[in-house]
Amino acid sequence: MPFDVQDLSGTFSVGDIVIALSLSFVLSAMIGWVYRFTHRNVSYSQSYVQTLVILGMLIALIMLVVGSNIARAFALVGALSVVRFRNAIKETRDVGFIFLVMGIGMAAGTRFYTLAVVAAVAICLIILVMYRFNWFASSIQRQVVKVQVPPDGDYTAHIQDVLIAHTSEFELVSMESIRGGALTEMMYTVRLKKGQGPGDLITALGERTGGQRVTVLTGYDQTDL
């Protein structure tokens with residue numbers, strides 16, 4: 001019985017492959033540059049941006065393979081379900097960029113070329129506008145204060161007295177025992193009063209904690225005593 005090999009590549013032309021992969025590459029690279037330009041924090045990863053580009057092209061390839069074949073689509077879902085990703089996403093917006101390149105790759109892979117271009121350009125422009133005009137930024141800046149005190153003694157009341165004097169509002173978030181019970185660490189979220197700085201708060205707390213460590217996290221840097 002002869003061995004018959006059937007090539008299904010004829011369902012799309014070489015031109016379709018080149019256009020879909022090239023377009024997904026260009027648009028995903030553009031999205032990657034927008035992500036890099038609008039990234040604010042220190043958690044920027046070159047590997048993540050390169051993965052965005054690869055993912056866009058990969059999705060386009062997958063859509064070419066699947067086409068309109070429902071059985072092939074279900075088989076692909078089953079094959080991909082065994083993949084497990086261990087890396088944690090550092091920021092919520094990173095998830096949005098992943099879905100964006102996936103959507104663009106799907107549009108390019110299914111040969112909706114105009115949709116892919118218009119959607120990528122429009123969404124990237126919206127991202128740039130939000131970055132340029134700092135949309136939805138909160139005018140209220142809060143700090144996180146971590147205070148370590150000995151377990152014996154009424155230090156909580158003394159700390160709250162300092163917080164009342166230096167902050168307009170504060171809230172106890174957590175309290176835990178550390179270093180085998182030798183110290184108690186309390187964490188507060190606070191909003192400093194106008195004219196008060198993290199250094200002033202650290203100095204005042206240091207006088208009430210018996211010389212133990214005090215940390216103020218401002219969101220941009222960290223101040224320690």
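Predicted model: local features only at pLDDT ≥ 70, side-chain atom pairs only at ≥ 80, totals over all residues.

Which residues of the largest nonpolar core touch the most other members?

Reply: The largest nonpolar core has 23 residues, and the ones that touch the most other members are Leu-27, Ile-31, Tyr-48, Phe-97, Ile-104 and Ala-116. At least two residues of this core come from each of α1 (14–38), α2 (46–66), α4 (92–109) and α5 (113–132). Among the contributors, α2 gives the most, with eight residues.

Apart from its neighbours within four places in sequence, Phe-97 is in contact with Ile-31, Tyr-35, Thr-38, Tyr-48, Leu-52 and Ile-127. There is also a second, separate core of 17 residues, which includes Met-186, Leu-192, Leu-201 and Val-214.

Now back to α5, which has 20 residues and reaches 28 Å from its first C-alpha to its last, close to the 28 Å expected at 1.5 Å a residue. Its buried residues are Ala-116, Ala-120, Cys-124 and Ile-127. Looking down the axis of α5, you will find these buried residues within an arc of 60°, so they line one face of the helix. The cover over the buried residues of α5 includes α1 and α4. After α5 comes Asn-134, with a positive phi near 55°.

Definitions and conventions. Residues numbered from 1 in each chain as written. Heavy atoms only, no water. Core = buried A, V, L, I, M, F, W, Y, C linked by side-chain atoms within 4.5 Å. Buried < 20%, exposed > 50% of the residue type's maximum accessible area, 1.4 Å probe, protein only. Helix = DSSP H or I, 4+ residues; strand = E, 2+ residues; numbered from the N terminus. Contact = heavy atoms within 4.5 Å. Expected span 1.5 Å × (residues − 1). Arc of directions from axis to C-beta.
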